[in-house]
Amino acid sequence: MANIKFIAVSRSLSGILDYVTNREKTVERLISGVNCMAQTAQDEFEAVKKQFRKTDGRSYYHIVQAFAPDDPLDFDTAHEIGLKFAEYFKGYQCVVVTHMNTAHIHNHIIMNSVNFKNGQKFHQSAREMQQAKEYSNQLCREYGLSFTESKADPFHIPAWKKRLCRTIKEAMENCATREEFIAFMAEYGYKVRWEPNLKYITYTTPENVRCRDNKLFDQTLLRSSMEAYFDMGGCEYLESRIDATEYGELLPTVDDAVCGLISILDAMNTGDNDRFHLETLHHSKQEIRRILERGGKIDRTVEYAVDDEEEEYEQYHGFSMRM
């Protein structure tokens, strides 16, 4: 996967070229020019500007093409992809540098703001930017790397994303823990990156498309919702809701379970005891224990339902048993 970002200009042309070619970040073989020589790029950029009398305004564009850390990629291949991506901008001189000093391989592309063929200054609409990102995705596909949507649209959800959402919810219905969930998804060919220090859950489909949870356009599948679901025993909670459903009524879904559990958390956090007691009436002792472990308070005068038949028998027939 390669993310494409156009970086705001904050240095002079000489300053940015010195920065990207710093030998603490790269080596000579990973510094190349497209339509120019990398070693004389500054002079060549300025000569084109003077030729077309366009020395004012923006001097260059800075593009970063960053690859996913877990993609099967070496520095030389990344550099080759960067050169091909720079060639997408027809008639513009570019310096392409691959950096080696971070956990993720990335290319810096410094592009002259003036076209050396026709003298036009570079301008890019939002639509043209999406086309550039799609071309980068095309290169990633050709090299067997993962890629992302060029633009996510909540009103036009592609078939692969709908399949992903269905599989996630099926996994939530059948798994009690995050680890079980990840293993379930793997059986269907999906990779899941769900780590404590990352803001999003990231999925990679069997087709190598990478997608963050916030691009699924489903509140139930956001990381915060899923963590609440698994922390509070969502699978068991959903089963208990289904068991309590009267004949002829619609069965509760994963969405219903997530909403119910988040409602409990909200009640606990706001001190809304009435709501909290109402909800906990439908919880098992195991779920009540998990709530207590999270710092929730229980009114001991409230009677709670239990799931285990033996516990239920002892609760209501304990006196006769002791006799």
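T202 is buried, at a relative accessible area of 15%; buried here means under 20% relative accessible area, exposed over 50%, and partly exposed in between (1.4 Å probe, protein chains only). T202 belongs to strand β7, residues 202-204. Leaving aside residues up to four places away in sequence, T202 touches K191, V192, R193, R210, C211 and R212, with contact taken as heavy atoms within 4.5 Å.

Before going further, a word on what you're looking at. This is a predicted model, so local features need pLDDT of at least 70 and side-chain atom pairs count only at pLDDT 80 or more, while totals for chains, interfaces and linings use all residues. Residues are numbered from 1 along each chain as its sequence is written, and side-chain values use heavy atoms, with hydrogens and water left out.

Now zoom out. The protein chain has twelve helices and eight strands; these are DSSP runs numbered from the N terminus, helices being H or I with at least four residues and strands E with at least two. Of its 323 residues, 42% count as buried. If you take contacts between residues at least 6 apart in sequence, 62% of them join residues at least 24 apart.

Five strands make an open sheet in the order β1-β3-β5-β4-β2, with antiparallel pairing; two strands pair if DSSP finds at least two bridges between them. At the edges sit β1 (2-7) and β2 (31-34), each pairing on one side only. From one strand to the next, the twist averages 20°.

Let's walk across it. β3 (residues 60-67) and β5 (residues 106-112) pair in the antiparallel sense over seven bridges, and V64 stands opposite H108 in β5. β4 and β5 are antiparallel too, over six bridges, with a hairpin of six residues joining β4 to β5. In that pair, V95 stands opposite I110 in β5. On to β2 and β4, which pair in the antiparallel sense over four bridges; here G33 stands opposite V95 in β4.

Helix α1 (residues 13-20) packs with α2 at an angle of about 150°, their axes 10 Å apart. α1 and α2 are therefore roughly antiparallel to each other; angles under 35 degrees count as roughly parallel, over 145 as roughly antiparallel, 65 to 115 as roughly perpendicular and the rest as oblique. L13, S14 and L17 of α1 make the contact with A41, Q42, F45 and E46 of α2.

A186 sits in helix α6 (residues 178-187) and is partly exposed, with a relative accessible area of 47%. Its C-alpha atom is separated by 9.7 Å from that of T205, 19 residues apart along the chain. In helix α7 (residues 223-231), the buried residues are R223, S225, M226, A228, Y229 and F230. After α7 comes G233, with a positive phi near 70°.

Terms used:
Axes are lines fitted to C-alpha atoms, for helices over the stretch in contact, and angles run from 0 to 180 degrees between N-to-C directions.
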